[in-house]
Amino acid sequence: EWQKLGGIADKMRADIENAWKKDLEFRCLNTPSATGNYLGLRGVLDNTGYTAGSTVTFTLDVATNATFRRYKLFQGIQDNMELDVYNGTNKVATITGVRSIDVAASTFVGDLSADIAATASTFYLYNQGSFNQDLNGLGGIIDDGTYTTSLGGLTTSPPWESYSLGNSGTLRDFAPAQMDELSLRGIKANGGKAVHSWMSFGMKQQLMAYAQRVVAINTTAGSKSPFKVNPSGDIEQWGPNATMKTSAFMPAHEIFLIQKDGIIIEEQQPLMPVTVGVNGSSENFWQRLPGKDTWEAVLVHDVQQRTRRRNVHFRYVDLNQPSF
């Protein structure tokens with residue numbers, strides 16, 4: 001029986017570590033808030049007034065501007081997550097225990113500790129305790145001059161600004177010619193090196209529509225019935241050296257074109273002797289802390305993301321895409 005309980009504990013630990021890694025992927029791809037440049041943003045509530053209580057239904061604003069709608073897929077909000085609500089720099093209330101999420105309706109259910117007034121475009125959601133204490137995400141590292149504070153380890157100035165192809169916040173359809181331009185700009189800026197094009201699954205569908213188009217071709221002489229030809233399967237590359245990458249945690253309506261060697265992941269090594277060990281070939285994030293007894297542990301892993309290359313990353317934004 002002890003062996004069975006040990007197996008359950010291992011699986012629970014593995015689930016926690018897997019959830020942490022998924023959340024880290026979102027944080028690596030995330031963008032700071034346009035107001036205040038605060039790291040860790042996970043969504044913005046609509047301008048509805050909310051009364052404190054249990055099982056409150058909250059609605060994300062996914063239409064007002066590009067900052068809000070990039071979180072329409074709930075990439076950064078998961079079941080059981082506890083959220084802080086900030087108005088500018090002041091915490092207003094806490095949403096505890098997200099119970100259910102409806103991506104199609106842009107709503108989620110949770111408990112609210114204090115009332116929220118009906119004020120438009122001001123209530124920003126953060127993972128509890130992580131307000132402005134998060135990673136520099138790619139959305140900030142690809143700095144087009146919008147964010148004027150130090151992001152990605154560098155302060156905005158013209159030599160460091162990247163190129164962003166937008167449409168003044170108005171959504172429009174994906175255009176192959178514009179993707180060609182950004183892909184070639186990225187390759188040129190990187191001396192011919194390959195670039196990675198990151199996007200959500202719904203965004204990739206827009207690109208696949210061009211690679212998997214259906215062509216009507218007439219059959220042999222005497223027959224007027226056309227047949228369909230699909231000239232391509234998956235789309236793995238766009239143009240020369242631009243590899244397609246898809247993530248469930250990418251912002252909606254955007255494509256990032258990055259030079260992967262220009263992105264640096266820095267990890268803080270734990271002080272010894274606190275590391276419990278490894279789980280198979282993967283790192284075990286549960287680590288003992290000095291002064292704690294054998295039944296206490298904490299999830300410890302400090303990471304930061306930076307860039308030390310100038311003007312080599314690009315963004316394609318304000319794009320229509322399905323909500324998945």
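**Exercise 1. Find which helix gives the largest share of the lining of the largest pocket, and describe that pocket.**

Helix H1 (residues 2-29) supplies the largest share of the lining of the largest pocket, namely 4 residues. The structure is a predicted model, in which local features need pLDDT of at least 70 and side-chain atom pairs count only at pLDDT 80 or more, whereas totals for chains, interfaces and linings use all residues. Residues are numbered from 1 along each chain as its sequence is written, and side-chain values use heavy atoms, with hydrogens and water left out.

Helices (H or I, at least four residues) and strands (E, at least two) are DSSP runs numbered from the N terminus. On a 1 Å grid over the protein atoms alone, a pocket is an open set of points with protein on both sides within 12 Å along at least five of seven lines, a cavity is a set of points where a 1.4 Å probe fits but cannot get out, and lining residues have an atom within 4 Å of a point.

Step 2 is the size: the largest pocket has a volume of about 390 Å³, a volume being the space filled by probe spheres set on the grid points, which are joined across faces, edges and corners. Of the 15 residues that line this pocket, Asp-23, Arg-42, Gln-78, Met-81 and Asn-127 are the closest to its centre.

Step 3 sorts the lining of the largest pocket into 2 nonpolar, 7 polar and 6 charged residues (nonpolar: Ala, Val, Leu, Ile, Met, Phe, Trp, Tyr, Cys and Pro; charged: Asp, Glu, Lys and Arg; polar: the others, Gly among them).

**Exercise 2. State how many cavities of 30 Å³ or more a search of the whole structure finds, and describe the second largest cavity.**

The search finds 3 cavities of 30 Å³ or more, and the second largest cavity has a volume of about 50 Å³. Its lining includes Arg-27, Pro-32, Leu-39 and Asp-134, and by class this lining has 3 nonpolar, 4 polar and 2 charged residues.

**Exercise 3. Decide whether Thr-307 is buried or exposed, and list its polar contacts.**

Step 1 places Thr-307 in strand S18 (residues 302-307). Step 2 uses the relative accessible area (buried under 20%, exposed over 50%, partly exposed in between, with a 1.4 Å probe and protein chains only); Thr-307 has 5% relative accessibility and therefore counts as buried.

Step 3 turns to polar contacts (pairs of N or O atoms within 3.5 Å; within protein, one must be able to donate a hydrogen and the other to accept it, and residues adjacent in sequence count only if both atoms are side-chain atoms). The side chain of Thr-307 reaches the backbone oxygen of Gly-262 at 2.9 Å, and a polar contact of 3.4 Å joins the side chains of Thr-307 and His-313.

**Exercise 4. Describe the two residues Asn-80 and His-253, each of which has a positive phi although it is not a glycine.**

Asn-80, with a phi of about 75 degrees, is found in the loop between helix H2 (66-69) and strand S3 (83-87), and it counts as exposed because its relative accessibility is 65%. His-253, with a phi of about 70 degrees, has its place in the loop between strand S11 (242-246) and strand S12 (254-258), and it counts as buried because its relative accessibility is 3%.
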